[in-house]
Every structure is written in C-alpha cells, then in structure tokens.
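Thanks for coming, everyone. Let me put the structure up, and then we'll walk through it.

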Amino acid sequence: MGADISGKLTDFAAGITAIDTDYVRPGLAASHLVVDGGRAAFVDTGTTLSVPNLLAALAMKDIDPADVDWVLATHVHLDHAGGAGELMRHLPNARCAIHPRGARHLAEPSKLIAGSIAVYGEARYRELYGEIVPIEQDRLFVVGDGERILLGSRSLELIHTPGHALHHYCVVDLDYYRIFAGDTFGISYRDFDVNGREFIFPTTTPVHFDPEALYASVDRLMSYRPEAIYLTHYAEVRDLERLAHELKQRVRAFADLGRRHAGTPDRSRKLRVEMYAMLSGWLDEHGFSDDGKRRHWLLDDDVELNCQGIEVWLDRGSA
Ligand SMILES: [Zn+2]
C-alpha cells in the first residue's frame with residue numbers, strides 16, 4: 001500500500017489527475033497521470049525524489065504498475081524527467097517516450113547532471129534531484145514529430161514544440177481536446193489565480209530559449225483548438241485564447257528586455273530587477289493583492305532561471 005497522498009492529487013475530467021511532485025514547494029510542479037480503459041501514462045515525472053508520490057497515486061487509483069504503458073517525458077529538464085529512470089524501474093511494461101535530441105541524455109545522464117550542477121550548484125542540485133537513474137536504450141521510444149501512440153482506446157499525438165527547449169514535445173489528447181504542454185505553454189501557478197482567473201508567464205530556462213520558435217509552438221498548440229491545457233507548472237488552465245495571447249506578449253517583453261540590456265555592463269543584475277518588476281506589474285493588473293514578500297517567494301526562482309536563459313540566448317548571438 002502506498003501512503004495517503006490524496007492532498008497532493010487533483011482530479012480533472014477525462015481520466016486526468018495532477019500529482020504534486022513536491023519539487024521546491026507545493027503547487028510548483030506536477031506530473032500528470034492519464035488513465036484510459038485500465039491503462040495508464042505519466043506525462044512528466046518530477047525528480048527521482050518525486051517517484052514515491054507517483055507510485056502512491058497509482059495505488060490510490062488501483063492501477064497496477066504493470067498497467068502503465070507510457071512515461072512521456074516532454075523534455076529532459078530535471079523537474080520534468082529527472083525521475084523518469086527511477087520511475088521506469090517500477091513499471092515493468094512501460095516505454096519512456098522522448099524527443100530524439102533528448103534520448104541520449106536519458107540513456108546516459110552525466111551531461112545532464114553536469115549541466116544542472118552548473119545552473120544550481122552542487123549542494124542545491126543534490127537536495128533537489130537526488131540520484132539520476134539511466135534508462136536502458138531499448139526502453140526508450142524516440143518521438144517523431146506528429147507521431148501517434150495509443151493509451152487504452154485513446155490516441156495521443158506527440159508534436160515537437162521548440163522554444164522553451166529545442167528537444168521539447170507536447171502531447172495532444174486528440175479524443176478529449178486536451179494538451180499536455182510541459183513548459184511550452186509557460187507557467188501558471190494556481191497560487192496566482194484571482195477569483196478563478198488564471199495568470200500566465202513564460203519560462204525561458206537555459207539553454208535553448210528561442211522566442212520566435214516559442215511563438216510558433218504556442219500557435220501550433222492553439223491550432224488544435226484545445227479545451228484545456230495541462231502545464232507542469234501547474235496543472236489545468238482553460239482560459240486559453242486569453243492566455244495564449246498574454247503568453248506571447250510576455251515572451252516578446254522578456255526578449256525585448258534582454259535585447260535592451262545586451263550591452264549593459266551590469267546586465268545580470270538589471271535583468272533580474274526589471275524582470276521581477278515586470279512580473280509584479282502584470283500581477284497588479286491581474287488583481288493579485290499579496291505583498292512583496294509572498295510575490296518574491298513565488299517568483300524569485302523563476303526570475304533567476306528565466307534571466308539565466310535569456311543571458312544564454314543573448315550570448316549565443318541569436319537575439
Ligand atoms: Zn523546462
């Protein structure tokens with residue numbers, strides 16, 4: 001029997017459940033469990049330290065680990081796929097689907113680990129991610145753009161969506177007009193909801209941020225006319241026309257901010273101060289009333305990661 005983690009689960013329509021992966025703080029990162037006809041898939045896994053929550057969620061849903069067919073890792077950033085290897089050890093029949101550019105990182109994670117230590121520092125890395133377990137090559141399913149897979153009786157279409165990461169794909173749930181977007185459709189923490197109205201902003205994490213590609217990917221998601229989109233950060237959003245519009249505006253605003261400071265000597269500090277001010281301004285317009293202390297608590301990690309990603313983009317010379 002797994003632990004009672006009902007407080008960490010949010011059930012939606014169409015057999016979809018968000019599981020809090022307990023990454024950094026509650027409500028920051030979700031894995032989505034999709035169940036159809038007794039078969040199951042996870043979209044994103046959280047970290048190795050999240051796996052007990054995922055297994056407990058299966059137990060609570062009365063699903064045998066042998067009935068999980070898919071682990072769908074939208075991209076290899078460790079809050080999405082860090083736990084994939086450890087999770088696969090518990091799922092004897094599952095295949096792990098990954099973009100062709102991500103596959104080698106899951107089979108041989110040393111470069112991924114080194115990259116993450118470069119972003120977070122060694123101590124913080126250990127605390128956040130634990131040990132990364134490699135996945136055997138023959139259990140990896142390399143995702144072609146537009147490829148369809150089956151889960152129970154439903155068709156899932158896997159589409160390449162660069163912009164946040166070059167090796168990102170999204171999962172289109174064709175029969176239910178839903179999309180699992182990983183990080184491509186940005187971040188919308190439920191903490192920022194005001195009277196049920198959702199707040200959204202882009203994630204521009206290192207090392208592949210590309211604003212033009214991201215606009216195109218958001219448009220591609222919207223071309224499916226989804227009723228709901230499921231974000232890793234965090235779970236279901238529904239006001240999609242407005243959110244897509246605001247997301248693209250805010251990608252542009254972040255890119256412009258980067259360009260403005262490309263040659264500023266004090267670039268790193270200025271970017272961080274101004275990105276925080278932008279987000280806080282949008283939160284004011286949104287009607288979010290909590291004080292600066294709570295805003296910083298909810299935003300500071302993303303401001304740091306976003307600014308690192310924008311600086312990598314500027315240094316790449318493609319801005
Ligand atoms: Zn990511």
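How are α8 and α9 oriented to each other, roughly parallel or roughly antiparallel? Hold that thought for a moment. First, some ground rules. This is a predicted model, where local features need pLDDT of at least 70, side-chain atom pairs count only at pLDDT 80 or more, and totals for chains, interfaces and linings use all residues. Residues are numbered from 1 along each chain as its sequence is written, and side-chain values use heavy atoms, with hydrogens and water left out. Helices (H or I, at least four residues) and strands (E, at least two) are DSSP runs, numbered from the N terminus.

Back to the helices. Two packed helices are described by the angle between their axes and the distance between the axes. Helix α8 covers residues 240-260, and helix α9 covers residues 267-286. They pack at an angle of about 155°, with axes 10 Å apart. Axes here are lines fitted to C-alpha atoms, for helices over the stretch in contact, and angles run from 0 to 180 degrees between N-to-C directions. So α8 and α9 are roughly antiparallel to each other. The cut-offs: under 35 degrees is roughly parallel, over 145 roughly antiparallel, 65 to 115 roughly perpendicular, and the rest oblique.

Who makes the contact (heavy atoms within 4.5 Å)? From α8, the residues include Arg250, Phe254 and Leu257. From α9, they include Leu271, Met275 and Trp282.

Take Arg250, in helix α8. Is Arg250 buried or exposed? At 7% relative accessibility, Arg250 counts as buried. Buried means under 20% relative accessible area, exposed over 50%, and partly exposed in between, with a 1.4 Å probe and protein chains only. Leaving aside residues up to four places away in sequence, Arg250 touches Phe199, Ile200, Pro202 and Trp282.

Next, the metal. Which protein residues are donors of the zinc ion? They are His75 through NE2, His77 through ND1, His164 through NE2 and Asp183 through OD, at 2.1 to 2.4 Å. Donors are N, O and S atoms within 2.8 Å of the metal (3.2 Å for Na, K and Ca); water is not among the atoms, so sites may look incomplete. Along the chain, the donors of the zinc ion have the spacing H-x1-H-x86-H-x18-D. His77 and Asp183 link distant parts of the chain, 106 residues apart. His77 sits in the loop between β5 (68-72) and α2 (78-81), and Asp183 in the loop between β11 (178-182) and α7 (211-222). His77 and Asp183 are buried.

What about the geometry? The 4 donor atoms subtend angles of 84 to 169° around the zinc ion, so the arrangement is irregular.

Last, the backbone. Most residues other than glycine have a negative phi, and most peptide bonds are trans. Ala14 has a positive phi, near 65°. Ala14 lies in the loop between β1 and β2, and is buried at 18% relative accessible area. Asn195 also has a positive phi, about 50°. Asn195 is in the loop between β11 and α7 and counts as exposed, at 83%.

Two peptide bonds to finish. The one from Pro206 to Val207 is cis, with omega near 5°. His233 and Tyr234 are joined by a cis bond too, with omega about 5°.

Conventions
Tetrahedral: all angles 85-135°; square planar, octahedral: opposite > 155°, others 65-115°. Contact = heavy atoms within 4.5 Å.
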